[in-house]
Amino acid sequence: MTTDAPLQAPPAGDDIRNLPFEEALSQLEGIVRSLEGGKSTLAQAIAEYERGTALRRHCEAKLAEAEAKVQAVVEGAGGLALRDVE
């Protein structure tokens, strides 16, 4: 069954937590373009802004997580090894 209801952004919740960084960033960029376009109703703009804020937080968390996992290659007695970067 199809409806002609306008598309709405999914709620900012569990679906964002499961997004890969690249998808979250892509959605955030789309929201920014939409808000800059200024064609949304006030209610739509507020909803987009709220989702964008949640996506930004998610992207920042993903980047911090990746940064924590960054490792440096060091040469030791046994050859090359990985050590955590602080």
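Here are some questions and answers about this predicted model.

Before we start, residues are numbered from 1 along each chain as its sequence is written, and side-chain values use heavy atoms, with hydrogens and water left out. Since this is a predicted model, local features need pLDDT of at least 70 and side-chain atom pairs count only at pLDDT 80 or more, while totals for chains, interfaces and linings use all residues.

Q: What pattern does the chain follow, read along the sequence?
A: Helices (H or I, at least four residues) and strands (E, at least two) are DSSP runs, numbered from the N terminus. The chain has 3 helices and 2 strands. Along the sequence, they give the pattern α-α-α-β-β.

Q: How many salt bridges does a search of the whole structure find?
A: A salt bridge is a side-chain nitrogen of Lys or Arg within 4 Å of a carboxyl oxygen of Asp or Glu. R51 and D15 meet in one, at 3.1 Å from N to O. R56 and E60 meet in one as well, also listed at 3.1 Å, N to O. The search of the whole structure gives a total of 2.

Q: How many residues apart in sequence are the parts that the pair R51 and D15 ties together?
A: The side chains of R51 and D15 meet in a salt bridge. R51 sits in helix α3 (residues 42-69) and D15 in helix α1 (residues 14-17), so the parts tied together are apart in sequence by 36 residues.

Q: Is R51 buried or exposed?
A: Buried means under 20% relative accessible area, exposed over 50%, and partly exposed in between (1.4 Å probe, protein chains only). D15, the partner of R51 in the salt bridge, is partly exposed at 28%. R51 has a relative accessible area of 5%, so R51 is buried.

Q: What separates R56 and E60 along helix α3?
A: R56 is partly exposed at 37% relative accessibility, and E60 is partly exposed at 43%. The two are 4 residues apart in helix α3, so what separates them is about one helical turn.

Q: At roughly what angle do the axes of α2 and α3 cross?
A: Axes are lines fitted to C-alpha atoms, for helices over the stretch in contact, and angles run from 0 to 180 degrees between N-to-C directions. Helix α2 covers residues 21-37, and its axis comes within 9 Å of that of α3. The crossing angle is roughly 150°.

Q: How many nonpolar residues are in the contact of α2 with α3?
A: Contact means heavy atoms within 4.5 Å. Residues including F21, L28 and I31 in α2 meet residues of α3, among them Y49, L55 and L63. Ala, Val, Leu, Ile, Met, Phe, Trp, Tyr, Cys and Pro count as nonpolar, Asp, Glu, Lys and Arg as charged, and the others, Gly among them, as polar. Alongside 4 polar and 4 charged residues, the nonpolar count is 11.

Q: How far apart in space are Y49 and L35, C-alpha to C-alpha?
A: Y49 lies in helix α3 and is exposed, with a relative accessible area of 56%. Y49 and L35 are 14 residues apart in sequence, and their C-alpha to C-alpha distance is 7.9 Å.

Q: How far apart in space are L25 and E60, C-alpha to C-alpha?
A: L25 has its place in helix α2 and is partly exposed at 31%. L25 and E60 are 35 residues apart in sequence, with a C-alpha to C-alpha distance of 10.0 Å.
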